[in-house]
Amino acid sequence: MSNPLIDMQKPDVIFAIGTNMTECHPVAATGIKKALAKGSKLIVADPRRIRLAEIADLYLPIRVGSDVALALAMAHVIVREGLVDLDFVADRTTGAEAFFEHVGRFTPEWASKICEVPAADIETAALWYGKADKGAIYYTLGITEHICGVDNVQSLCNLALMTGHIGREGTGVNPMRGQNNIQGAGDCGAVPANFPGFQPCNDPASVEKFSKAYGRQIDGEKGITKVAALNLCGNGIHAMIINGENTVVSDPDRHHCEHALKSLDHLVVIDIFMTDTAELADIVLPATSWGETDGVQTNTERRVQRLRKAVEPPGEAKPDWWIVSEIGKRLGAHGFEYESAKDVFNELCELSPIYNGLDWDRIDKGEYQWPVPTKDHPGTPILHINEFKNGRGVFKVIGYRDPAEVINDEFPVWLTTGRRLQAYHTRTQTGRSAGIDYLLAEESLEVNPADLEAWGLKDGQTCKISSGSLEIKIKATEISPRGTVFTSFSFADVPVNILTGSGYDPITDTAELKVCPVRLEAIPDV
Amino acid sequence: MIAEAKAELKVMTMTVDNQTVNFTEGETIYQVATRRPGKEIPTLCYDDRLEAFGACRLCVVEVEGVRAPVASCTTKATEGMKVTTQSARIEKYRKTLLEMVASENRSIDVDPLSGYASQEFRMLIDHYDARTGRFAGKKSGTSNTSDKNPFILRDYDNCISCYRCVRVCAEQEGDHAINVMNRGFSTQIITEFNRQLRDSQCTFCGQCVQTCPTGALGDAKALRAVEVEGKIEKTRTICPYCGVGCSVDIMTRGQKIVGVQPAMDGPANKGALCIKGQFAFDFVQHEDRLTQPLIKQEDGTFKEVDWDTALDAAADGYRKVLEKYGRHAIYGVASGRAPHEAAYTMQKFIRASFGTNYIDNCSRA
Ligand code: SF4
Ligand code: SF4
Ligand code: FES
């Protein structure tokens with residue numbers, strides 16, 4: 001996030017798109033509710049009539065996967081109505097002219113046909129956001145999990161750049177991170193394009209720095225993504241090490257993923273439970289869990305915080321860092337003689353410019369948001385205050401693309417996926433917490449009641465979703481709009497990922513988990 | 001800017017127990033007295049995250065020139081005000097109040113597992129020696145034992161109508177799952193249409209439980225451990241679920257995790273939590289946990305082995321693939337849920353052992 005969580009209470013206009021915040025980031029959502037109580041306006045764009053939509057001042061029930069069209073039309077209105085922040089654009093951005101000319105074609109009427117929301121509402125959304133003193137954008141996986149995920153994000157950045165809604169309190173473009181330490185995994189360099197601290201793998205100085213620090217020459221080019229690696233399993237990739245990720249259940253395409261992992265010569269999985277993925281491993285190593293491990297994690301607002309051990313782990317379980325280091329040592333790699341999590345974290349701080357000012361003791365109270373370049377630096381709650389990381393903010397000329405697959409006569413219904421408040425990810429944890437079943441015992445497919453009637457289906461009935469052969473219980477709800485059905489990917493017995501994920505964003509390899517055309521059929525009662 | 005803003009705020013003075021203190025416009029007597037000279041004023045309906053409510057009147061103080069004692073939590077400080085926080089008259093008033101409230105409740109002593117603020121009432125009763133039974137008689141509130149939810153105990157026999165639960169739900173959560181019905185002895189905290197919580201707007205964030213000063217609302221999940229021996233220890237950490245990163249205290253008795261309480265000073269959450277952070281902690285000590293390194297046998301089953309055997313075999317496997325297919329045949333996937341140290345060593349493992357950038361995490365799923 002460009003801005004801290006506390007800023008959620010400060011904007012005049014909040015534009016929330018593709019985020020089911022009350023279920024996925026409930027405590028953050030309380031910030032929005034407080035802003036509303038103080039008189040802020042909330043615009044929500046989401047295919048489903050979620051709780052956030054209920055409390056919005058303006059709700060745009062956009063068709064799944066049409067976000068870019070909406071953003072283009074909003075930009076069009078902002079230009080047409082003279083709401084561009086000309087000083088900001090002149091001082092801090094490049095590429096504005098080409099972008100402004102580009103959006104001239106994309107009227108709200110044009111977008112209305114694609115997004116299936118009234119042109120007048122798109123107009124209103126643009127006017128509110130454009131006229132706001134402080135406008136802030138919030139989004140989650142509803143924006144990124146598409147073949148056009150990067151386009152979606154850049155469209156939102158364009159809106160913030162043209163209105164100057166960035167680099168100030170109560171503004172910004174704010175992705176809400178899903179998993180507790182997904183931000184941290186990136187910070188630590190567990191990505192194919194960057195070393196720790198987002199130092200590029202194709203930057204010669206960084207390559208030299210890390211080759212020296214790690215005691216061996218490292219490739220000077222980016223690695224491949226996980227998606228690409230899975231595609232190469234058995235044919236280029238022959239061994240993997242997977243830490244605490246139930247890939248088989250969470251990944252876009254379950255059959256493909258299982259097949260890929262089975263074709264490896266050697267698979268080591270480190271986890272706290274015997275997950276479906278661990279079942280496929282040659283060696284399974286037991287890790288210590290939350291509550292048993294000292295460590296660090298970074299939240300969605302870049303706040304670096306301490307995790308502390310409260311109890312001893314069961315049996316022989318060991319911290320992940322210890323396990324990985326022991327394998328490293330056995331392969332003759334250098335620099336794995338750590339005695340504690342503190343040693344590991346302090347090494348990260350030394351090598352990462354955004355953490356240079358931090359160390360284990362300094363983060364004790366969780367006061368710092370990175371970048372913290374020096375020991376006397378107070379941290380950076382708001383990014384991009386006086387300049388962008390690479391100088392100027394760049395407008396990107398983006399066009400609308402249809403999703404990888406669109407509905408047709410054979411598959412006439414949009415399926416979209418997401419998460420639920422009471423379940424987390426693949427439920428390896430929430431599913432093993434007593435009482436959660438009382439609230440959420442099984443998966444269901446949410447369908448608009450009018451559609452049920454039109455399709456000859458009944459509430460509570462089990463139906464088949466195809467292509468694929470997923471069986472799932474129907475739940476009638478007005479949350480789903482007509483023609484679009486919803487389910488989550490949390491339950492292993494309803495592996496939605498056998499249906500989704502046929503397309504990938506060409507830049508990030510993020511899977512199209514959010515949209516998939518399907519057909520529903522009743523299963524006759526036995 | 002900041003200097004200007006400061007200049008605009010007029011600094012005023014008042015006296016608290018004969019001590020002169022500065023304050024700024026808008027502050028209440030309670031805020032000035034407890035923050036500046038650090039006076040202790042007892043409260044029951046007060047939670048500093050919420051709008052002051054003025055229901056319990058325990059926070060009364062004397063103000064010169066005003067006949068009756070005033071509630072310090074709702075009365076704004078004014079220039080030249082002279083406040084006395086402790087006097088024989090005030091103390092007697094407070095004691096009588098507590099005696100009356102205590103007499104309406106079934107029990108004063110509740111297990112500290114009930115919730116973060118659950119001991120506030122008992123501590124005041126003990127401090128003022130108010131278990132006199134002088135007002136024994138009618139009880140207030142009726143427990144809602146028919147609510148079968150496994151998280152929130154609703155024992156209204158112990159309710160003192162401070163409305164903290166209702167206010168935290170409305171003001172902090174922005175939900176209005178619970179409300180107040182009736183007044184006086186028949187006051188009742190209920191959901192809309194008196195449904196069970198599961199069928200209301202309730203999201204089971206547990207905030208009402210944690211602010212309740214009497215344990216009338218209790219952490220039913222933590223209370224399962226009432227019988228577990230040992231003192232409750234608290235360990236400050238961060239919730240293991242979403243990216244908000246709420247601060248929590250893990251409660252343990254011996255080596256058992258018995259519950260979670262929110263950290264009121266947590267930088268990202270200021271005491272707020274959701275159902276996952278509040279109630280979904282017991283996966284940690286679940287019987288399904290892996291406890292021993294495992295190696296797969298020819299027949300597909302796993303065999304328990306010691307660490308050296310497992311680690312040697314793990315390293316061997318990579319060495320063989322390395323020899324046969326080269327450095328770019330090995331790939332690492334780090335976790336977005338494990339701590340930094342896990343992700344950092346994973347990327348280092350790949351880069352330092354094989355010299356490639358063949359590492360990713362699960363953010364793309
Ligand atoms: S249930 Fe607890 S918090 Fe709610 S009004 Fe009663 S005593 Fe106060
Ligand atoms: S308590 Fe809820 S909102 Fe807070 S970090 Fe945990 S899952 Fe996220
Ligand atoms: S604390 Fe002031 S009236 Fe209750």
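**Two chains, two ligands: a short tour**

Okay, let's start at Pro371(A), which sits in the loop between helix H18 (341–351) and strand S14 (393–394) of chain A. For the record, helices here are DSSP runs of H or I with at least four residues, strands are DSSP runs of E with at least two, and both are numbered from the N terminus. What joins Trp370(A) and Pro371(A)? A cis peptide bond, with omega about 0°. In general, most peptide bonds are trans, and most residues other than glycine have a negative phi.

Quick housekeeping. This is a predicted model, with local features taken only at pLDDT of at least 70 and side-chain atom pairs only at pLDDT 80 or more, while totals for chains, interfaces and linings use all residues. Residues count from 1 along each chain as its sequence is written, chains are lettered from A and ligands numbered from 1 in the order in which they are written, and side-chain values use heavy atoms, leaving out hydrogens and water.

Now, the positive phi values. Glu116(A) has phi near 60°, and Glu116(A) is not a glycine. You'll find Glu116(A) in the loop between helix H7 (108–115) and H8 of chain A. Buried or exposed? Glu116(A) is exposed, since its relative accessible area is 54%. Our cut-offs are under 20% for buried, over 50% for exposed and partly exposed in between, using a 1.4 Å probe and protein chains only.

Over in chain B, Asp17(B) is another non-glycine with a positive phi, near 45°. Asp17(B) is in the loop between strand S1 (11–16) and strand S2 (19–24) of chain B. At 24% relative accessible area, Asp17(B) comes out partly exposed.

Next, Ala132(A), in the loop between helix H8 (119–131) and strand S5 (135–139) of chain A. Its relative accessibility is 13%, so Ala132(A) counts as buried. What does Ala132(A) touch, leaving aside neighbours within four places in sequence? Asp12(A), Val13(A) and His165(A), where contact means heavy atoms within 4.5 Å. For a sense of scale, Ala132(A) and Leu445(A) are 313 residues apart along the chain, and their C-alpha atoms are separated by 38 Å.

Gln31(B), in helix H2 (residues 29–35) of chain B, is buried too, at 19%. Beyond four places in sequence, Gln31(B) contacts Gly26(B), Arg36(B) and Tyr46(B).

On to a couple of helices. In helix H6 (residues 96–103) of chain A, the buried residues are Ala96(A), Phe99(A), Phe100(A), His102(A) and Val103(A). Down the axis of H6(A) these fall within an arc of 160°, so they line one face of the helix; the arc is taken over the directions from the helix axis to the C-beta atoms. The face turned away from that buried side carries exposed Glu97(A) and Glu101(A). An α-helix has 3.6 residues a turn, so residues three or four places apart point the same way.

Helix H4 (residues 120–127) of chain B buries Phe121(B), Leu124(B) and Ile125(B). Those fall within an arc of 100°, so here too they line one face of the helix. Part of their cover is helix H3 (88–104) of chain B. After H4(B) comes Asp129(B), with a positive phi near 50°.

Now for the ligands. A residue is near a ligand if one of its heavy atoms lies within 4 Å of it. Around ligand 1 are residues of chain B including Cys159(B), Cys162(B), Cys165(B) and Cys212(B). That shell has ten nonpolar, two polar and no charged residues. In this scheme Ala, Val, Leu, Ile, Met, Phe, Trp, Tyr, Cys and Pro are nonpolar, Asp, Glu, Lys and Arg are charged, and the others, Gly among them, are polar.

Which chains surround ligand 2? Residues from A and B do, so the site is shared between chains. Helix H2 (26–37) of chain A and helix H7 (275–279) of chain B each give two or more residues to that shell. Its make-up is eight nonpolar, two polar and one charged.
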